[in-house]
Amino acid sequence: MKKFFWVLVLCMTMLLSVVVFSKPVEISFWTLFSGGEGHIMNNLVDEFNKSQDQVRVNQQALDWGQYYSKLLAAMLAGNPPDLAIMHKSSLPDYVQRGTVLPLNNYMPNALKQDYLQNILQAVTFNGQIYAFPLDTHPLVLYYNKNVLKKAGFVDSKGQVILPKTFEEFYSFCKQIKQKTGKYGLSIEDLNGLGERLWLTIYRNLGGVLEDSKGNFYIDKAIAEKTYNEILKFYKEGLTTYVNYDTARALLVSGEAAFNFDGVWAIAAFEDMGALQDIGVMPVPAYSSTKVPYVWGDSHTLIIPKAPKMDETKIKAAATFAQWLVNHSYDWAKAGHLPVAKSVGQSTEFLKLSLRKDFIVSAERAFVPQVKGWSQIQQKLLELCQGVVLGKTTPQKAAEELVTTVNQVTK
Amino acid sequence: MKKRALNGYLFFLPFGLLYAVFLIYPLIQGFRMAFYEWDLFSAPKFIGLQNFSTMFNDPDFWRTLWHTIYFVILTVPFLLILGFLIAVLLNSRIYFGRVFRTLFFFPYVLSITIVCSTWGFLYQPQFGIISKILKAVGINYTGWLLNPSTAMPAIALTTIWWTLGFSVILYLAGLQEISPTIYEAAAIDGANSFQKTFLITVPLLRRTHALVLVLQTIASLQIFGQVYIMTGGGPNGATRVLIQYIYDQGFRYFKMGYAQAMALFFFIIMFAVGIIQFRLMLREGSDKD
Amino acid sequence: MKKSKLLTLIVFIFLLIYIFPLLWMIISSFKTSLEILTQKLLPSKLDFENYSYIFKQSGVLRWFLNSSFISLISTFGVVIITTLAAYPLGRLKFRGNKFLFYLTLAGIMIPLQAIMIPRYLLLRDLGLLNKYWGLIIPYMVNPMNILIVAQFFKGIPNEFEEAARIDGASDLYILFRVMVPLARPALAAISVFSFVGIWNDFLWPLIVMTDQKMYTLPVGLATFYGSYTMKYGVTMAGNVIASLPIFIFFMIFQEQLIKGLTVGGLKE
């Protein structure tokens, strides 16, 4: 045992000395990507490391479900990573806690100007920029061409016919069920249903997220209507209650015609070799909707505050972050839409398949930015599950949601 | 004599020190924290009993408490009955008794992650083997962890499978203490093996029953990992248990005071069960003296 | 007494059902994703793809070493601390002995979950978060073990101790040269029992370790099972790899483990 301990000590010392004496600045970079996304990020990090010898990025991919608990715990313990991915929706909580380094001095003006202005505003609090936005990733609607064709949604040229409004989408689902016996829709039971689709429908029904004073707000009547809109798909057997991988499998195997998922699913479909049967379109809004919205969060890069901050590491982290944003056409292969104008107009991005089919979603994308969001989010997931499983009514769910929102934001 | 006492305290010191620092101190801190509002980032704010009034008015607190008790109800009786029956079988006149015992006991030493991810795979709705087997015998049910009414029973079944070996071992130890002469006397009186088991063994193992009951209740009240891994508390919060709620409030939403108020409540429950355990233990001690 | 074939058969069949999940885990670890999705009963060939994926892509080896290191050092510490503390409680008569005994006894009434938050903060203040010692030191505090060993010490006949005392031996000498060899079964039982408990712990490493490289095996494996990376074949292969050392350990120390459970159990 003792021997083992000393061997370990020796190894640690060696590791340490390598870090201390070699030239490049080492920075640790936490991400939450896996599967297709994870693969692309790995490649990007490798490419960056190979492209120069000043900075070395050590990526650590954490489990999606545990990511924020771990990140916050590391911040509390005083040993956060030098650079970390953070969703735009989580940013207010972290900025408010004083755990994120303001970046005004580290972000070059050229980049500030290259960003879409709405995205840069979303990461600015009290005049300080707190993150490098990397992408925006809205909810989109995937469809299985074979099922649509079988149900007769095909024109004379053999092209599939797609719904233009949410009302049409609902009637498509009904007809698909009648004609083919397959599900019209598949959607996963967690964030996809309770957060992403729910918020999209809520806003397209005219629901707002801010009251007149600018506080976070949920309209009870519209919330109830939103639950009813979702519930009817389940009540009429147009969809079924499934988890994430099953929802995806139902679309790919042709057991369901439509599937709501984030743009990142494109990378997964590509991985599975299923892309020839699958198409993608923006989430349709209601005919009554004035301004169409769709849920869409963003990945951003933040530099966590640490008790001892090393200026060279901050600069190195900022260098890498900037490089990543400028190379986000590669990142876009995962389905994400770029937020730097120069990348959005680049040929590298435009030649990617399918992107033109949903690029409009980027302009419609929104995500709530409110302190205490993780708790509201959890409630959203649970209430929506409760409604579609018949454990609670749309009315009760809407009431409980408003109560929670009031508690969290008070 | 003085030196003896000094040595006594010196020997106890390493443990005593760690005990004071890592058990007593956090316990006292925990009591204090329950009266504060604190997110770890700003300064703690004394709010008196407000955390407790929030707790008593929080429907999710009561729900998660009920789920915890529900889980105890779903697991403990089976751990008692099945544990007893298997122990009796293993203790009876069979071949390979030791091999069987080993295999029944093995799942108990597996880590919770292995157990839960394997069972999660068995329960998988689309390609899980359980749904497939049920389909083969004409039952078309795939909900399991996705259905609020079966999710908790499914987790309970997994837990029973995992910890049954512990009950079996305790019962086997109890059985081995029963003198064979009692059975021989019963056999002379013409008792069959069924009667022997239920009229002699069951009452004689009174203390073992109490022990299994208390230990497994304590273990079940502490449920967290199974839920965390298998369902994350869903669907619709149907499997969220008290420890997980405390964990979420503390380590996800960083409401340290509130989480600690609930932790105190949990402490009181465990303390009550612990007193029963305490008495069993002291009685055992005096039997031996 | 005659053994019954019928009873053996009944137990055997029940056992087969009982260990089926483990068999299924092993079989599935050789299946490709497609074979799992299409519900093939058996893999078409012995495919080690999932296993090589695990060794290549992830920190399983590191997690395994972490778990081994933490469990071994903690168990070692448990045995030393327990032996030292159990001796005065079980053998020495002095003022305050009873007090220390009841103090220790009270310790088993504190559920760790109830103090996880203040303990986490304590570790933070001590700078022990995300460190091996942040797990190891708290693991060493286990009042139950002390009561078990003290009870065992109490049962050792006085003659052994008296003979040594006449020769003028110190308490320390008596403890390590006389008592410890005699108490070997009890010490073996608590060490195996502690080892398994620490190896399998989930909640505490989940809270203390923030860096993926510092995870223990159970916490690390749980990340495989995250809802967005459902690779069942790989997960099952990971489970098989993680079960193997525990299986070997179990086969070697089974008797000690059972003793630890029953002694601990009966005394609890």
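This is a predicted model: local features need pLDDT of at least 70, side-chain atom pairs count only at pLDDT 80 or more; totals for chains, interfaces and linings use all residues.
A second salt bridge links Lys379(A) to Asp60(B), at 2.9 Å from N to O. This one crosses between chains: Lys379(A) sits in helix 19 (residues 373-388) of chain A, and Asp60(B) in helix 3 (residues 59-91) of chain B. Helices (H or I, at least four residues) and strands (E, at least two) are DSSP runs, numbered from the N terminus. Both Lys379(A) and Asp60(B) are buried.

Over in chain C, Asp125(C) and Arg124(C) form a salt bridge as well, their closest N and O atoms lying 3.9 Å apart. Asp125(C) is exposed, with a relative accessible area of 59%, while Arg124(C) is partly exposed at 21%. Back at the contact of chains A and B, shared partners tie Lys379(A), Glu400(A), Asp60(B) and Arg63(B) into one network of salt bridges. Over all chains, the count of salt bridges is 19.

As for the build of chain A, its secondary structure amounts to 20 helices and 14 strands. Along the principal axes, the C-alpha atoms of chain A fill a box of roughly 70 × 55 × 50 Å. Of its 410 residues, 58% count as buried. Taking contacts in chain A between residues at least 6 apart in sequence, 76% join residues at least 24 apart, a contact being heavy atoms within 4.5 Å.

The accessible surface of chain A is about 17,200 Å², with 53% of it belonging to carbon and sulfur atoms. Such areas come from the Shrake-Rupley method with a 1.4 Å probe, and for residues only the protein chains shown count as cover. Chain A carries 42 positive and 38 negative side chains, and the centres of the two sets are 2 Å apart. Lys and Arg count as positive and Asp and Glu as negative, leaving out His and the chain ends; each charge is placed at NZ of Lys, CZ of Arg, CG of Asp or CD of Glu.

Chain B is built from 13 helices and two strands, and its C-alpha trace spans about 75 × 75 × 30 Å along its principal axes. Buried residues make up 59% of its 289. For contacts in chain B between residues at least 6 apart in sequence, 67% join residues at least 24 apart. Its accessible surface is about 12,400 Å², and carbon and sulfur atoms account for 67% of that. The 20 positive and 11 negative charges of chain B have mean positions 5 Å apart.

Residues are numbered from 1 along each chain as its sequence is written, and chains are lettered from A and ligands numbered from 1 in the order in which they are written. Local features need pLDDT of at least 70 and side-chain atom pairs count only at pLDDT 80 or more, whereas totals for chains, interfaces and linings use all residues; side-chain values use heavy atoms, with hydrogens and water left out.

Methods. Buried means under 20% relative accessible area, exposed over 50%, partly exposed in between (1.4 Å probe, protein chains only). A salt bridge is a side-chain nitrogen of Lys or Arg within 4 Å of a carboxyl oxygen of Asp or Glu.
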